[in-house]
Amino acid sequence: MAELIAKFEALGLSADKAKEAAGNKKLAPTLDSLIASTGQAEFTKPTGMLIYSLATTAAKDKTPHADYIARAIVAGRIASTEQLSAATKFCAKNDPSAEEAAFNEACGVGIVVSDEAIATSVKGAIDSFKENLVKERYRALGKVLGAVKKLPELRWADSGKVKADFDAQTLALLGPKDERDTPAAAKAAAAATAAPKVAVASSTTETSKWKPASLESMLASGDISRLHKPGENPQIKPELTKAHLAATKGSVITRFPPEPNGYLHIGHAKAINVNFGYAKTHDGICNLRYDDTNPEAEEQEYVDSILETIRWLGFEPHGVFYSSDYFHQLFDLAVKLTEKGLAYVCHCNGAEIKAQRGGDERGPRYACKHRDRPVAESLAEFQKMKEGRYASGEAILRMKMDIHSDNNMMWDTVAYRILYASHHRTGTEWCIYPTYDFTHCLCDSFENITHSLCTSEFFMSRESYYWLCDAVEVYKPVQWEYGRLNVTKTLLSKRKLLELRDNGFVRALDDPRLFTLPALRRRGVPALAINAFVRELGVSTSDAVIDVVRLDNHIRDCLGEIAPRIMAATHPLRVVLENLPEDHFEEVKLSFKPNDESFGTYTVPFTRVLYIDSSDFREIDSADYYRLAPNKSVGLQGVSRAITCTKVVRNADGSIAELVCRYEADSAHAKPKTFIQWVADCPKLGSPVRLDEVRVYNPLFKHDNPKDSSEVPGGWLSDVAPDSLVVVKGAVAEVGLWDWIKSYAATEAGRKELDKHNVENIRFQFKRIGYFALDKDTVLTAADIENAQFGSAKLIMNRIVTLKEDPKKD
């Protein structure tokens, strides 16, 4: 191991990366062999990285003539990732030693694109997008850069020089980034209108003020920007390519293939953006296909939720399919595979199959005793399985693959098993069901998928995917893996989520503390913010664990643009203005969003008695504290005069009952340094609006990775934070809350969502407290909205996210 690590470090890999590569049973021997084939022990970093990249590809696909390509890299003939991609593609069909001139031409060997040619081509591309660039500025760069990278004349250009020239030319055109390129800046650009601005129900339409990262920018760089074109992937028979292209007309077709056995989570948001986004940016189509091959775990609730969630994120499947649509075709191909001697019925139990796989404790790997049974016998046994003549677990159909392979996915994987369970679509028609490993690639083939995009845990499955398609002689799509997304302070495993629910740590799988997409939606997180988060990360081949703070920042940026501001007090403290008459009443005009007239205005009462949040009062003052304290003045938001605390009234137990304050009517009184929120006590106008509950959500786990036994020796369940949910009773808000709800309900989109009781789009910024949204436990009818604060509504608020911390807020 130490020798391998040293060799890999000589390529330019970091110590950690070299150690990881040396421990990879498939990658390590491939990379070691390629290094040996070059006859060198030391490499420049660019050369070493290309050899490492070649090894990762060769380990997956068994790239032919990889040694030749490695030597071409060392010789300087292959000097870029684009050339490397072309080289592996050429060698998949040709012998480069026999066709060296063709290899050189296909890979751009010896072609040098001058700096002048780069500048001219980049300028031409920028000019073609100039009108949109000037309008959208830096938000449009991703799409333009993607177009530049696709220019045929720049195919063999130095990518670093292309990017540098692109940056220089766009800077010359647009100038440095300024207030127009930040979400907060766009306020000045919004046209003022008389009607209040209401966020649309889906929250997936980009506003003129806040632009998340685009799909184009997400997919503009890395390996995903260099994938094959439809029809370029080799097939076992040429006629398969012809039939595929005739059916697809050369269009890109992708699919999103979830199992309907749970809610989608934040990692799926990336998968949805990748699959639907790749199709969209290549003028193709993306299907939704439910991988419904396990009737014991699937439920119609999850089927419905998956489609609704995809639409909530702003995507629409071209077609909706199920693996169960193909059960008869799959069975026929299983029979064909068996007839070819490439599948057999096995009666081994789980322990026996595990023993066959070998290992340090079990000895050498060996074949199942049923592997060489006669074809006719396996066919007869498979028919018995189909007819229900075996109990579950007594027989399986296994594919006869390659038990000597280094890839465990080739060790005679199971194709069919017996399950006596009612299927959500086919009922009890079948008692045998195909496995994922048998179903997935064949369904991709049936649907003419051009790019089977999946996360990196399926890396080892690529070989078996291709093997099966070739074995039954059907069109073979290309599988390409990208890194999966995880975030800190949560878990995404369906099994662990169920364990959290079943042990009472969370209420349901859409509990807002979880990171399932229905849970995030219920908390009030906009779909736009989730899309912005995953698109900003881009697409790489490495798994990523992202600090949840980055997601929170996107949520704040989005809510900062779409959420109205109102005053509220989660822990109200009564204030009596002693020098105002008992019946004092005036109206104060406020804006739902200061400095943005498009959100509209509303009025609230101002009376002798009002409520402030208890966090805005402190009995012991200090020099760095600017809010209310005894004998100290503070401003009230929207009110022209300050108040000064003159007395603290206490309850019998010593707690504060109310504050007595003086309203500073004298205009000569010093202007306060801080203005706090307040809510008037005015029953005739329904003020305050009393909130039944405010649910304050904090991270569910105490540590970033609750599965890390070194930090959480008691097991992940012991890491659940006791304060992950704090329920606050008695909170109050101003009457502007109802004005906003009414304006939302008056829109067509709002009515549609409220008819389905989707209330999470009714969001607010409680000034100086945080962002909040109505929870689905809210009781809110059309009559309640009509009667507003005098109805029987039961309002429950979820805290979506805190405000950005301001060190000077005290």
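1. In this predicted model, the side chains of Lys17 and Glu20 meet in a salt bridge, with an N to O distance of 3.9 Å; the term denotes a side-chain nitrogen of Lys or Arg within 4 Å of a carboxyl oxygen of Asp or Glu. Both residues belong to helix 2 (residues 15–22) and are three residues apart, about one turn of the helix. Helices (H or I, at least four residues) and strands (E, at least two) are DSSP runs, numbered from the N terminus. Lys17 is partly exposed at 27% relative accessibility, while Glu20 is exposed at 54%. Here buried means under 20% relative accessible area, exposed over 50%, and partly exposed in between (1.4 Å probe, protein chains only).

2. On conventions: residues are numbered from 1 along each chain as its sequence is written, and side-chain values use heavy atoms, with hydrogens and water left out. Because the model is predicted, local features need pLDDT of at least 70 and side-chain atom pairs count only at pLDDT 80 or more, whereas totals for chains, interfaces and linings use all residues.

3. A second salt bridge to note joins Arg371 and Asp412, whose closest N and O atoms are 2.6 Å apart. This pair links distant parts of the chain, 41 residues apart: Arg371 sits in the loop between helix 17 (350–356) and helix 18 (375–386), and Asp412 in the loop between strand 5 (396–399) and strand 6 (414–418). Arg371 is buried, with a relative accessible area of 13%; Asp412 is also buried, at 2%.

4. Arg373 forms a salt bridge with Glu377, the closest N and O atoms lying 2.8 Å apart. Arg373 counts as buried at 16% relative accessibility, and Glu377 is partly exposed at 36%.

5. Salt bridges also form a network, which links Asp510, Arg522, Asp692, Glu693, Arg695, Lys729, Asp775, Lys776 and Asp777. By the rule stated in the opening point, the count comes to 52 salt bridges.

6. Turning to the strands, an open sheet of mixed pairing contains seven of them, in the order 21-18-19-20-14-17-22. Strand 21 (675–676) and strand 22 (679–680) stand at the edges, each with a single partner strand, so one side of each has no neighbour in the sheet. Two strands pair if DSSP finds at least two bridges between them. Strand 21 pairs with strand 18 (residues 633–636) in the parallel sense over two bridges. In strand 21, Ile676 is the bridge partner of Leu636.
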